[in-house]
Amino acid sequence: MRIAIWIGILLLSGAAFAAKPGDTSGEDFEAFSKEICRKENSFKSGFDSRLYGACLKSMLRSINKVESLNSQYRESFYVDYSYPFCYLWGHEGGLPNINSISFCLEEEVAAIGELRDYSQKFGFDKVLSISQRSLANQRSWAKARNQVRSELGPLN
């Protein structure tokens, strides 16, 4: 319950980014991925179809992972902060790189769990204060977690 209040307070403290889960379809991500893989595997000596295939396979796994995370997490920490932050962070050459977005989202989700652990050990208000400052500047739960780690030390 307290974590829901905490996230609500943080959401009221600043505007969220525009991108939301579902704004970009799996088909769109696949098209972007094909373009990224094509660019990454085109060389002066020619096109490497083997590397292209491996790149695309990795991207398709990431699309499935992101779609799974989007359906699993509907809380505002994910919808209003994590997904928009990772969507912007994962852009490469003007295209959203789904591998980068997937990695970022997994980090963001893990960070929320760790922040919950910190709030149990060091106190809700203390962790909330540090997280609010970090989120206001950097818009990322993983970066907020890193700031909490820096200021409060390790969990163990």
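## Salt bridges in the model

A search of the whole structure finds eight salt bridges, a salt bridge being a side-chain nitrogen of Lys or Arg within 4 Å of a carboxyl oxygen of Asp or Glu. Side chains of opposite charge can pair when their charged atoms come close. The model is predicted, so local features need pLDDT of at least 70 and side-chain atom pairs count only at pLDDT 80 or more, while totals for chains, interfaces and linings use all residues. Residues are numbered from 1 along each chain as its sequence is written, and side-chain values use heavy atoms, with hydrogens and water left out.

## A pair within helix α2

E35 and R38 form a salt bridge in which the closest N and O atoms are 2.5 Å apart. Both residues belong to helix α2 (residues 26–40), where they are three residues apart, about one turn of the helix. Helices here are DSSP runs (H or I, at least four residues), and strands likewise (E, at least two), numbered from the N terminus. E35 and R38 are also part of a network of salt bridges that includes K39.

E35 is partly exposed, with a relative accessible area of 27%. R38 is partly exposed as well, at 38% relative accessibility. The cut-offs are under 20% relative accessible area for buried, over 50% for exposed, and in between for partly exposed (1.4 Å probe, protein chains only).

## Pairs between helices

K65 and E106 meet through their side chains in a salt bridge, with an N to O distance of 3.5 Å. K65 lies in helix α3 (residues 49–72) and E106 in helix α5 (residues 98–122), so this pair ties together parts that are 41 residues apart in sequence. K65 has a relative accessible area of 33% and is partly exposed; E106, at 36% relative accessibility, also counts as partly exposed.

Another salt bridge joins E151 to R133, and its closest N and O atoms are 2.5 Å apart. Because E151 lies in helix α7 (residues 141–152) and R133 in helix α6 (residues 124–138), the pair ties together parts that are 18 residues apart in sequence. E151 is partly exposed, with a relative accessible area of 39%, and R133 is partly exposed at 42%.

## Disulfides

The structure holds two disulfides, each a pair of cysteine sulfur atoms within 2.5 Å. With the bonded cysteines of the chain numbered in sequence order, the pairing is 1-2, 3-4.

In the disulfide of C37 and C55, the sulfur atoms are 2.0 Å apart. This link is left-handed, with -80° about the S-S bond. The pair links distant parts of the chain, with C37 in helix α2 and C55 in helix α3, 18 residues apart. C37 is buried, with a relative accessible area of 0%, and C55 counts as buried at 12% relative accessibility.

C86 is joined to C104 by a disulfide with an S to S distance of 2.1 Å. The link of C86 and C104 is left-handed, with -70° about the S-S bond. Distant parts of the chain are again linked: C86 is in helix α4 (residues 76–89) and C104 in helix α5, 18 residues apart. Both C86 and C104 are buried.
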